[in-house]
Amino acid sequence: MASKIDIVNRALTKIGDDRIMDILDDQENAKTINSMYDTVLAAELRARVWNFTVKRASLPALASVPPFGYLLEYQLPVDHLRLIQVGETYVGLSLSDYVGTSEAEFQVEERKIRTDLAAPLKIRYVSLVTDPGLYDALFVEAFASRLAVECCERLTQSNTKRQLAAEEYTLAIRTALRADAIENPPQTMPDESWIMSRL
């Protein structure tokens with residue numbers, strides 16, 4: 001299992017910089033990578049659905065109601081980064097986008113889900129996992145590669161090294177996503193009435 005310092009040192013090694021003993025060291029490389037670590041982590045976790053980040057929750061309705069458009073609202077969990085599923089609806093592109101319905105089944109606004117769906121509202125979401133001990137080994141490699149890209153220019157002043165780091169990141173992400181996806185069985189999306197009417 002990796003630690004934060006392991007990930008940081010992996011990133012520094014990728015760009016040929018010196019390893020550090022402590023993330024709070026007063027060295028330039030430690031200060032640079034520490035200043036971006038949390039932001040880059042959240043961006044990397046939000047960008048994709050990693051198995052180790054997926055959580056389920058059953059949300060109670062809030063006492064407040066939306067000003068218009070929906071009957072209920074639900075507070076998103078504190079560690080929420082990205083919705084995967086709300087009730088029976090998978091978040092993302094849908095054929096309903098082409099049907100021309102007047103109102104979506106739900107909207108995410110002000111870190112709340114606004115909808116007419118009754119409580120409790122069941123959701124699946126990508127969570128902010130900050131404990132590196134929970135990370136998949138291939139995610140560690142991909143995240144370290146992303147950190148290397150982000151801090152490379154500041155620490156090396158080399159566009160060539162940054163380009164090589166970016167290529168390594170692309171390869172690491174591809175490998176990690178492939179392994180992550182293989183662990184899951186195929187999921188059947190619900191049939192859309194628009195498609196069913198064509199059959």
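1. Aromatic cluster. Tyr37, Trp50, Phe52, Tyr135, Phe139 and Phe143 make up one aromatic cluster. The structure has 6 aromatic pairs; rings of Phe, Tyr and Trp (its six-membered ring) pair if their centres lie within 6.5 Å. This is a predicted model, in which local features need pLDDT of at least 70 and side-chain atom pairs count only at pLDDT 80 or more, while totals for chains, interfaces and linings use all residues. Residues are numbered from 1 along each chain as its sequence is written, and side-chain values use heavy atoms, with hydrogens and water left out.

2. Phe52 and Tyr135. A pair of aromatic rings is described by the distance of the centres and the angle of the planes. The ring centres of Phe52 and Tyr135 are 5.4 Å apart and the planes stand at 45°, so this pair is tilted. Planes under 30 degrees apart count as stacked, over 60 as edge-to-face and the rest as tilted. The pair links distant parts of the chain, 83 residues apart. Phe52 sits in the loop between helix H2 (28–47) and strand S1 (54–59), and Tyr135 in the loop between strand S7 (121–127) and H3. Helices (H or I, at least four residues) and strands (E, at least two) are DSSP runs, numbered from the N terminus.

3. Tyr135 and Phe139. Tyr135 counts as buried because its relative accessibility is 8%. Buried means under 20% relative accessible area, exposed over 50%, partly exposed in between (1.4 Å probe, protein chains only). The rings of Tyr135 and Phe139 have centres 5.2 Å apart and planes at 75°, so they are edge-to-face. Both Tyr135 and Phe139 are buried.

4. H1 against H3. Helix H1 (residues 4–14) and helix H3 (residues 137–156) pack at about 55°, with axes 8 Å apart. That angle makes H1 oblique to H3. Angles under 35 degrees count as roughly parallel, over 145 as roughly antiparallel, 65 to 115 as roughly perpendicular and the rest as oblique. Axes are lines fitted to C-alpha atoms, for helices over the stretch in contact, and angles run from 0 to 180 degrees between N-to-C directions. On the H1 side the contact (heavy atoms within 4.5 Å) uses Ile7, Arg10, Ala11, Leu12 and Lys14. H3 contributes residues including Val140, Phe143, Ser145 and Leu155. The contact residues divide into 9 nonpolar, 1 polar and 3 charged. Ala, Val, Leu, Ile, Met, Phe, Trp, Tyr, Cys and Pro count as nonpolar, Asp, Glu, Lys and Arg as charged, and the others, Gly among them, as polar.

5. H1 against H2. The axes of H1 and H2 come within 11 Å and cross at roughly 115°. Lys4, Ile7, Val8, Ala11 and Leu12 of H1 meet Asn29, Ile33, Asn34, Tyr37 and Asp38 of H2. This contact has 6 nonpolar, 2 polar and 2 charged residues.

6. Buried side of H1. Ile7, Val8, Asn9, Ala11, Leu12 and Lys14 are the buried residues of H1. They pack against H2, H3 and helix H4 (159–182). Just after H1, Gly16 has a positive phi of about 80°.

7. Ser145 lies in helix H3 and is buried, with a relative accessible area of 1%. Leaving out residues up to four places away in sequence, Ser145 touches Lys14, Ala165, Glu168, Tyr169 and Ala172. Arg154 is also placed in helix H3, but is exposed at 54% relative accessible area. With the exclusion of residues up to four places away in sequence, Arg154 touches Glu28 and Thr32.
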